[in-house]
Protein chains: 2
Amino acid sequence: MAIIVQKYGGTSVANAERIRSVARRIIATKEKGNQVVVVVSAMGDSTDDLIELAESLTDRPDPRELDLLMSTGEIVSSTLLAMTLKHMGHEAISLSGAQAGIKTDASHSRARITGIEPERIHRELHKGRIVIVAGFQGITESMEVTTLGRGGSDTSAVALAAILGAKICERFTDVDGVYTADPRVVPEARRLKEISYEEMLELATYGAKIMHPRAVELGELYNIPILVASSFNDNPGTLIHGGQMEIRNKVSGIAHDLDVAKITIVGIPDKPGIAASLFEPLAKAGVSVDTIVQNASVKHITDMTFTLAESDLKKAMEVVKPIADHLGATSIEADPNIGKISIVGTGIQNTPGYAAKMFRALYDAGINIDLISTSEIRITVIIEEGKVKEAVRALHKAFELETEE
Amino acid sequence: MAIIVQKYGGTSVANAERIRSVARRIIATKEKGNQVVVVVSAMGDSTDDLIELAESLTDRPDPRELDLLMSTGEIVSSTLLAMTLKHMGHEAISLSGAQAGIKTDASHSRARITGIEPERIHRELHKGRIVIVAGFQGITESMEVTTLGRGGSDTSAVALAAILGAKICERFTDVDGVYTADPRVVPEARRLKEISYEEMLELATYGAKIMHPRAVELGELYNIPILVASSFNDNPGTLIHGGQMEIRNKVSGIAHDLDVAKITIVGIPDKPGIAASLFEPLAKAGVSVDTIVQNASVKHITDMTFTLAESDLKKAMEVVKPIADHLGATSIEADPNIGKISIVGTGIQNTPGYAAKMFRALYDAGINIDLISTSEIRITVIIEEGKVKEAVRALHKAFELETEE
């Protein structure tokens, strides 16, 4: 009998009606002859409510206490789901992270799974039960409750699928799959039947909204096929997997991001150590820097430009200003009015012409490219923020993404 | 250094302001040079909210799942309290029932504590920390989370006080102690400085509203002094303890209960087995019978009267009717309009005159006595419901309870 791991996000279990609907989907999966292990997130906004409660008492909640507090959210949703399944006549049991044997290190609020002891889950499956596991949480060697941080429940699900030798990890949320572009921007955007782990990772922010990169990486590592689908309809979803990449040769999708800003430091000496002196303090301040471009130097004087999240711009300027002054920079310019577009596809690797086609399409649409960065399967351009949506539509058309490959 | 166990009820931690107030009281206790272990209930109505959530999904929630669900309530309040203490500059840690080593049997929703492994608590106290323990919960040998049922958090607190060798168990709630009578009925009612375990237990319903009998019995068994006091003021409260009973010779208090009804079965044969044939089915139906009176039989025919909670009257009549018919009873009479008054005091035992004085006082007030029952330290009368409050006032005066003994 095959084991299927299903993961349901917070919106999918946000109220009684939705919990019943999720229960019916689980039962249907079991009745097809599968053993089912389900991972759930906390109901709707309940995690935010707990954080708000903690922040009404202290501006800096103790991480160890906060983890124990937060872990209750997933216990609530998983016990309610187990009760509902029993009420519908199916044997089910909920397990906390500790009971499910999910062991982690002791890094509170961002623990890593160090191993899973699956004996209890196997024992319950053997009894014919549906097993519900509280996502997002684990326990340390010394019985301390931890949470896994961002993407935690997705990671719980994929890790369980790996350890249990599951056939597939099905991840249900309010999004019904990965699209060739944001359907709100490109009405012709098409849901992909499948996508590779690497492509999913390169979709960056857009991909992360659907499935956290950490869980995608874990899926890739253990070669667990991950289906992302909606719990609100029966659309087939998108399968993230690693097989048959060679036969693909096209662009899978276009991701865009408006939360981008740019800082340019003009006129600094071109000598070793300059980059480190800038980017180490930024990293310490918690600012993630994305694309970095340094102009060819003229008379040992150069300009340096980098992009970052628009929301980090103020903090970054406070860090950069004194350093730039110290380096003798001519000026610093901050520009929040930019956006980022990436075309992603395994077909890009080793195949020339994609970049040229992208640049031509943007030129034809009268859109100026500010910066360019690439990976093996991705080409990213930075352009004026007001032109981003128009550019996404132009590229979607140029690469004929509306038609099935 | 002495260990003090404090227990705070749900109303005492119902919101952020009250949690801060509780934290200040705990800190004051620690700063007097004590090691402090705190047991908390779930915040305000949060337990009811969880039950409501479960009942929106199933009319009969699985007890094992319900226990795991309910246990989250006390984890929320204890983590918030620990955070608050840390925020106020004091080392503190919250422990779930499992982490605190509270072992129980596997009777979900009404588990009994089988033992406590106090090593973790001792280790935390040794580090100078205030230890917050989630009340009402424990864990079985097989890692299943249980709840202790009614009076559970009080029981957690007294059991911890016993195992830790605490000097005292202080129980804070919204009631500031045990009074000689209900102050809403008798304005002159006086708060008792102390009361014995036995007297507290004999106060029955009234006493149980202040401290659950199960916890009082545990206190008596391990001889743990229990202070009941309010978390909303600094009144000294009432100490429940076992010492120096010999020197007392008065009535401690008057308890009354309006939720009483009476059933009389008229004209049944006086032969062995009649009582069993009536009361066994009632017990099975979950009806607690209080006072039972059987008239002296005339020609082997007798009447039987018993009292019960008024809220159980309908259910009890459904059970009793067919049995009485089968026994050939002449009639069955149900009377919901009665009430119960008890005078309680260790002074009653072996000292004649208390009953006489009680009956005289009631007679002087023109109140008719319907039934009488007694224990060593209690005399209870059943009277007409409408006369109960007047009777309480008359007895309070007759026994001069308004003046310090």
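Mentor: We shall discuss the interface and then the domains. This is a predicted model, in which local features need pLDDT of at least 70, side-chain atom pairs count only at pLDDT 80 or more, and totals for chains, interfaces and linings use all residues. Residues are numbered from 1 along each chain as its sequence is written, chains are lettered from A and ligands numbered from 1 in the order in which they are written, and side-chain values use heavy atoms, with hydrogens and water left out.

Trainee: How many residues does the contact take from chain A and from chain B?

Mentor: Chain A gives 39 residues and chain B gives 39 residues, where contact means heavy atoms within 4.5 Å.

Trainee: And what area is buried between them?

Mentor: About 3100 Å² is buried between chain A and chain B, with 65% of that from carbon and sulfur atoms. Buried area is the accessible area (1.4 Å probe) that two parts lose on being put together, summed over both.

Trainee: How many salt bridges cross the interface?

Mentor: The rule finds four (a side-chain nitrogen of Lys or Arg within 4 Å of a carboxyl oxygen of Asp or Glu). A:Glu144 forms a salt bridge with B:Arg120, their closest N and O atoms being 2.3 Å apart.

Trainee: New topic: how is chain A divided?

Mentor: Chain A has domain 1 (3-174) and domain 2 (253-398), with bounds from an automatic or database domain assignment. Their centres, taken over C-alpha atoms, are 39 Å apart.
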